[in-house]
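Biologist: I have a structure open and want to learn to read it. Can we go feature by feature?

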Amino acid sequence: MVIAPIRNVVIVGGGTAGWLCAGMLAAKLGKRGERERGIAITLIESPAVSTIGVGEGSWPSLRDTLQEIGLPESAFISYCQASFKQGSTFVGWRDGSEQDCYHHPFTNPAGYTEIDVHACWQALHGTKPYHSAFCLQPELCEQHKAPKQLATPDYAYVLNYGYHFDATKLAEMVADHCVKQLGVKHVKAHIEHVISQDNGDIQAVTTQCGQTLNGDLFIDCSGQTALLVDKHYKVPWQSVKDILLNDSAMAVQVPYDEQDTTIASTTIATAHPLGWSWDIGLQHRRGVGMVYSSDFAKPEQIEQCLKHYLTKRLPADAAEQAQCRQLSFSPGYRKEFWTNNCVSLGMASGFIEPLEASAVAMVELGVRMLCDQFPQNREHMAMLAVRYNERFSYRWARVIDFIKLHYAINQRVNDAYWNAHRDPATWPDPLRELLALWQYQPPSRYDVIQNEEIFPSASYQFVLYGMGFQTQSPALASSSDMLKRATVITDKLKAALTQYNQGLPDNRALLNAICNRYQQQSGAQL
Ligand SMILES: Cc1cc2nc3c(=O)[nH]c(=O)nc-3n(C[C@H](O)[C@H](O)[C@H](O)COP(=O)(O)OP(=O)(O)OC[C@H]3O[C@@H](n4cnc5c(N)ncnc54)[C@H](O)[C@@H]3O)c2cc1C
């Protein structure tokens with residue numbers, strides 16, 4: 001018996017998750033000639049339910065994604081008011097003292113796979129912060145340097161980078177490209193009902209205006225509504241509030257005080273007694289917000305804290321007038337992500353909190369796996385679903401370990417919120433075991449063992465030593481050869497620093513130049 005091939009893909013939701021999914025699927029399947037063989041992609045979004053509208057920080061993976069979708073980088077940067085993100089800067093997370101600041105850059109320490117970076121840092125550069133002992137990016141970020149030059153081709157880099165961008169504009173731009181260039185059908189309608197087949201698969205969804213849309217594969221990108229995965233399939237949500245504590249955020253968009261104000265190269269995450277704030281610089285405005293736990297703070301306290309934070313770079317009256325938007329979330333993820341013929345992505349599948357901006361990256365990883373292993377038919381789909389669920393359960397667990405690491409080893413002893421994070425009862429078991437191990441040896445590739453790990457061991461080192469964690473010196477003394485090699489690496493970095501300082505423009509200068517060039521070449525009105 002020939003099993004019918006998967007031909008109709010229906011994506012529910014037109015936020016960042018829905019449109020990135022549509023773009024990647026349409027571009028990748030199109031390249032493989034699937035469109036000619038009859039694969040159709042339809043995206044339905046409700047005019048009545050707005051997108052979440054936050055989520056402005058990405059990983060470097062977004063460069064690959066946009067390139068695969070077929071969008072020129074300069075068009076993206078111009079339309080989405082995007083800027084370059086070279087990592088995250090953590091202010092006050094260790095103990096809240098004046099000097100308390102560390103970076104988690106997007107570049108691994110130089111020589112990371114050749115030498116024991118931790119041991120060489122201790123032996124040669126003990127007084128330098130870990131992040132800058134073998135990595136130039138933090139120092140260049142502190143000077144607001146761009147990660148490339150105007151002549152560097154689209155998506156190529158001198159220093160690895162992702163983006164800060166306007167999430168609403170990104171969805172608009174990808175939507176336009178998907179419809180005009182990639183053959184995606186866009187339906188603006190509110191879905192009211194789901195029609196099931198005998199085997200429990202979804203056969204179709206029906207909209208408020210009476211339209212029926214059939215599909216072989218449904219992708220639930222309906223955000224916190226989780227229309228298919230929750231409302232229809234009732235797949236349980238595994239809460240991690242007992243681990244991560246945060247369940248609320250307050251967001252605000254603020255203008256720059258001057259048009260040419262410098263644009264930060266990183267997301268600035270600042271710890272406060274009741275939570276932490278993000279600060280993201282786009283070209284035309286900053287996106288700022290506080291993340292906190294409703295068990296430890298009331299919205300009025302958070303609003304006060306946020307406005308006080310804003311006064312550092314805004315006149316007091318402008319800060320006071322800023323319109324704050326309250327958001328609630330239940331930190332956690334689905335017990336399974338692929339059920340019958342339905343895959344969930346984005347907020348419908350999981351969200352734990354904005355720290356380290358992993359949510360959009362998880363969407364990209366999900367779509368990439370779906371594209372690379374696209375089901376040929378229903379039998380194949382069942383096999384893929386098992387593997388997908390295993391892989392993404394593992395990934396969510398690792399994201400949670402990594403995010404909790406930022407909090408677990410804090411030394412902010414005067415704040416109930418931070419004390420609660422330090423309580424080992426709130427630590428996931430794998431993290432507890434790793435922290436015990438890391439007293440004796442630094443994080444390594446033996447600790448994060450799958451290919452395509454979401455956070456590599458170098459990321460753990462940046463956070464661990466940025467937070468002041470102490471790992472004992474290795475049992476075997478570092479060989480003189482290794483220390484010599486480390487010195488050669490450091491000397492090369494010093495020379496490169498001078499070159500980069502001279503050759504790299506600052507963020508705003510490069511962004512202005514890219515947008516001007518794009519406008520001249522395309523005649524686009526921004
Ligand atoms: C405070 C905060 C900060 C964040 N910061 C970051 C960050 O810096 N980086 C990062 O990667 N992520 C971040 N995230 C997460 C990020 O915002 C989301 O993962 C991302 O925007 C994807 O959202 P989504 O597309 O899943 O959902 P949404 O944007 O909510 O889209 C849902 C879509 O579903 C549609 N829909 C709903 N119901 C129906 C229906 N009945 N019929 C038809 N359509 C329907 C809606 O119309 C909408 O189009 C943050 C999240 C929060 C809460």
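Modeller: Start with handedness. A crossing is left-handed if the near helix is turned anticlockwise from the far one by less than a right angle, and right-handed if clockwise. Keep in mind that this is a predicted model. Here, H2 passes H12 in a left-handed crossing.

Biologist: What angle do the axes of H2 and H12 make, and within what distance do they come?

Modeller: Two packed helices are described by the angle between their axes and the distance between those axes. For helix H2 (residues 61-69) and H12, the axes cross at roughly 50° and come within 10 Å. H2 and H12 are therefore oblique to each other.

Biologist: Which residues of H2 and H12 meet?

Modeller: From H2, take Ser61, Leu62, Asp64, Thr65 and Glu68. They meet Ala361, Glu364 and Arg368 in H12. By class, this contact has two nonpolar, two polar and four charged residues.

Biologist: Which residues of H2 are buried?

Modeller: Ser61, Leu62, Arg63, Thr65, Leu66 and Ile69. An α-helix has 3.6 residues a turn, so residues three or four places apart point the same way. The cover over the buried residues of H2 includes helix H1 (16-31), helix H3 (73-79), strand E6 (162-164), helix H7 (167-181) and H12. After H2 comes Gly70, with a positive phi near 105°.

Biologist: H12 also packs with H13. At what angle?

Modeller: About 160°, with the axes 12 Å apart. H12 covers residues 359-372 and H13 covers residues 378-408. Angles over 145 degrees count as roughly antiparallel. H12 and H13 are therefore roughly antiparallel to each other. H12 passes H13 in a right-handed crossing.

Biologist: Which residues make the contact of H12 with H13?

Modeller: H12 brings Met362, Leu365, Gly366 and Met369. H13 brings Arg387, Tyr388, Arg391, Phe392, Arg395, Trp396 and Val399. The residues of this contact divide into seven nonpolar, one polar and three charged.

Biologist: Now backbone angles. What should I expect of phi?

Modeller: Most residues other than glycine have a negative phi. Now look at Lys234, which is not a glycine but has a positive phi of about 55°. Lys234 sits in the loop between helix H8 (227-232) and E12. Ala357 is not a glycine either, and its phi is positive, about 45°. Ala357 lies in the loop between E21 and H12.

Biologist: Is Lys234 buried or exposed? And Ala357, buried or exposed?

Modeller: The cut-offs are under 20% relative accessible area for buried and over 50% for exposed. Lys234 has 58%, so it is exposed. Ala357 has 15%, so it is buried.

Biologist: On to sheets. What is the strand order of the open sheet of three strands?

Modeller: The order is E12-E18-E21, with antiparallel pairing. Strand E12 (237-239) and strand E21 (350-351) are the edge strands, and each pairs on one side only. Two bridges join E18 (residues 332-334) to E21. Tyr333 stands opposite Gly350 in E21.

Biologist: How many residues of strand E15 are buried?

Modeller: Seven of the seven residues of E15 (residues 275-281) are buried, so the strand is largely enclosed by the rest of the structure. Read the two faces separately. Gly275, Ser277, Asp279 and Gly281 point one way. Trp276, Trp278 and Ile280 point the other way.

Biologist: Which strands pair with E15?

Modeller: Strand E14 (residues 267-272) pairs with E15 in the antiparallel sense over five bridges. A hairpin of two residues joins E14 to E15. Strand E16 (residues 285-292) and E15 pair in the antiparallel sense over seven bridges. E15 and E16 form a hairpin with three residues between them. Gly275 stands opposite His272, and also opposite Tyr292 in E16.

Note on methods. Residues numbered from 1 in each chain as written. Predicted model: local features only at pLDDT ≥ 70, side-chain atom pairs only at ≥ 80, totals over all residues. Heavy atoms only, no water. Axes fitted to C-alpha atoms, helices over the stretch in contact; angles between N-to-C directions. Helix = DSSP H or I, 4+ residues; strand = E, 2+ residues; numbered from the N terminus. Parallel < 35°, antiparallel > 145°, perpendicular 65-115°, else oblique. Contact = heavy atoms within 4.5 Å. Nonpolar A, V, L, I, M, F, W, Y, C, P; charged D, E, K, R; others polar. Pairing = 2+ DSSP bridges. Buried < 20%, exposed > 50% of the residue type's maximum accessible area, 1.4 Å probe, protein only.
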